[in-house]
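Please review the briefing below alongside the sequence and the coordinates. It is arranged by topic.

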Amino acid sequence: MVTGIRSMAIIPARDVETSARFYAEMLGFDANSFFRDDDGTAFFAIVGLGTVTIGLQKLDEFVVHEGTVAYIYVDDAKTLARRFTDAGGTLRHPPHKTFYGILEFDLKDPDGHVIAFGQDLEPGPGGPGL
């Protein structure tokens, strides 16, 4: 049997530096892994929040998906949402309790991708957050 260790969503970005700065400044991610072309332009970055990582990949042309691109579980959704709005961000949906026991909110990143954050209010084997 193979056991997963962790995962990383890869999200397309028009400008990797701008996207990495967004995740760092607006949401508190660490943004210190950059991969650059010979001219110094970042073509890939890894940003992290605790053990959660997101890869930002430079693509000049892409279609923004209408649904959620990444769903990230956090231990305090209200505080993270407040951090985001205090930094000048606008939430698509403010923190709200769902019928499946999650306090969640979502937002759009600089490229228009929907990123959702959820706090499992019923942790454990019976809860949806695994």
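Predicted model: local features only at pLDDT ≥ 70, side-chain atom pairs only at ≥ 80, totals over all residues.

Residues are numbered from 1 along each chain as its sequence is written, and side-chain values use heavy atoms, with hydrogens and water left out.

**Fold and dimensions**
- The protein contains 2 helices and 8 strands, where helices (H or I, at least four residues) and strands (E, at least two) are DSSP runs numbered from the N terminus.
- Read from the N terminus, the order of elements is β-α-β-β-β-β-α-β-β-β.
- The radius of gyration, taken over C-alpha atoms, is 15 Å, close to the 14 Å from the globule rule for 130 residues, so the protein is as compact as a globular protein of that length; the rule is 2.2 Å times the number of residues to the power 0.38.
- Along the principal axes, the C-alpha atoms fill a box of roughly 50 × 45 × 25 Å.

**Burial and surface**
- Of the 130 residues, 39% count as buried, that is, under 20% relative accessible area with a 1.4 Å probe, protein chains only.
- The accessible surface (Shrake-Rupley method, 1.4 Å probe) comes to about 7,800 Å², and carbon and sulfur atoms hold 52% of this area.

**Residue T53**
- T53 lies in strand β4, residues 52-58, and counts as buried because its relative accessibility is 12%.
- Beyond its neighbours within four places in sequence, T53 is in contact with R6, S7, M8, A9, I46, V47 and G48, contact meaning heavy atoms within 4.5 Å.

Notes. Buried < 20%, exposed > 50% of the residue type's maximum accessible area, 1.4 Å probe, protein only.
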